[in-house]
Amino acid sequence: MSDLKKIPCTIVTGFLGAGKTTLVRHLLENAGGRRLAVLVNEFGDLGFDGSFIEGCGIEGCTQEDIVELSNGCLCCTVADDFVPALNTLLNRPNPPEHILIETSGLALPKPLVRAFNWPDIRSRVTVDGVIAVVDGPAVASGAFAEDPDALEAQRATDASVDHENPLEEVFEDQLLCADLIILNKTDQMAAGDRGNVLAAINEHLPRAVKVIETTHGKVDPTVLLGLGAAAEADLESRPSHHETAEDHDHDDFDSIAFPVAPVATPEVLVARVERAAEAAGVLRIKGFAPVDGKPMRLVVQGVGQRIGHHFDRPWKAGEARDGRMVVIGLKGFDVNAVEAALRNG
């Protein structure tokens, strides 16, 4: 099969809460008749992003077009999960014209790009492009870097300090592999912050990569799809802190799912999530819950002290109206404090 006949795949990567799922939904909603399929991967005890996409009423998007992989980070489970799932999509009687792959917030894109050279799939698919979604306000607040002066001073006096913050390493690896960078949530940033974040991004890039500023992941699909990068044949220009999946250690993080009871109003749950986000070591909270008297499911997600919420879809007939929140934090984060906050506020 020639490159012209390979099915293009777009890898959407980005840190916790950057807006990857919102971007993917926007692409599905504006597909213009193109047959798109999605492989979505969420790090944690339970996957949620797939449920935010499937059954959402997007014309032409059915449940069989959404494949959710929640058995682990895609970059670490290529053979067991990613390749078989991709083959399932490719072997359909009417295969997709383009495949979107949304990685977890802790995934490294380079091992996934390298997997496109596997014998099972290399003649059938190509990486059209790697898109890194950046949470602008989070980066502006210093969420992925320590004080550079203090860090350099520590390195100068302690020979054992030879590594960076693991969060910063993941963030950098996602930028280093990208063919296009989406600086998201710019509506929440001051002009000076946007300039600082753009400068920080460019400092990490070894090659010319375009950065697009946006809000709510709203980018014309013609800009994102059809990059023709063939990234799997261009691995040398994509350096990484972790050159193999085995070097990528998820033991730096914990992910725990908590049940959430129905709430009287959205504000009640938002207040509880805000309190939970204050617990030491918490990085991101995302999930949903029923609201008394409301037919729609309430989605709440937060990174740091920025908490957002919206009703995403009606509860399905016969569906258990059970709420749950996934909390991702640094290893050993205060689970008891989070649980108490989500239960009682």
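# Report on a predicted chain

A230 is partly exposed, at a relative accessible area of 29%. On this scale, buried means under 20% relative accessible area, exposed means over 50%, and partly exposed is in between (1.4 Å probe, protein chains only). The model is predicted, so local features need pLDDT of at least 70 and side-chain atom pairs count only at pLDDT 80 or more, while totals for chains, interfaces and linings use all residues. Residues are numbered from 1 along each chain as its sequence is written, and side-chain values use heavy atoms, with hydrogens and water left out.

**Overall make-up.** The chain has 345 residues, of which 53% are buried. Its secondary structure comes to 11 helices and 12 strands. These elements are DSSP runs numbered from the N terminus: helices are H or I runs of at least four residues, strands are E runs of at least two. A contact means heavy atoms within 4.5 Å. Among contacts between residues at least 6 apart in sequence, 80% join residues at least 24 apart.

**Positive phi.** A230 is in the loop between α9 and β8 (253-260), and its phi is positive, near 45°. H216 is likewise not a glycine and has a positive phi of about 55°. This residue is in the loop between β7 (210-213) and α9 (221-224) and is partly exposed, with a relative accessible area of 48%. Most residues other than glycine have a negative phi.

**Nonpolar cores.** A nonpolar core is a set of buried Ala, Val, Leu, Ile, Met, Phe, Trp, Tyr and Cys residues joined through side-chain atoms within 4.5 Å. The largest one has 24 residues, and F82, L86, I101 and F116 have the most contacts inside it. At least two of its residues come from each of β1 (7-14), β2 (36-41), α3 (78-90), β4 (98-102), α4 (109-115) and β5 (125-135). The most, six residues, come from α3. Leaving out residues up to four places away in sequence, L86 touches L39, I99, F116, I121 and V125. Another core, apart from this one, has 20 residues, including V260, V282, V291 and L342.

**A buried arginine.** R297 is in strand β10 (296-303) and is buried, with a relative accessible area of 1%. Its side chain is joined to that of D312 by a polar contact of 2.7 Å. Such a contact is a pair of N or O atoms within 3.5 Å; within protein, one must be able to donate a hydrogen and the other to accept it, and residues adjacent in sequence count only if both atoms are side-chain atoms.

On a 1 Å grid over the protein atoms alone, a cavity is a set of points where a 1.4 Å probe fits but cannot get out; a pocket is an open set with protein on both sides within 12 Å along at least five of seven lines, and lining residues have an atom within 4 Å of a point. Grid points are joined across faces, edges and corners, and a volume is the space filled by probe spheres set on the points. The structure holds two cavities of 30 Å³ or more.

| Space | Volume | Lining | Element giving the most |
|---|---|---|---|
| Largest cavity | About 40 Å³ | 10 residues | β5, four residues |
| Largest pocket | About 830 Å³ | 32 residues | β11, seven residues |

The residues closest to the centre of the largest pocket are G19, T22, H216, Q301 and H310.
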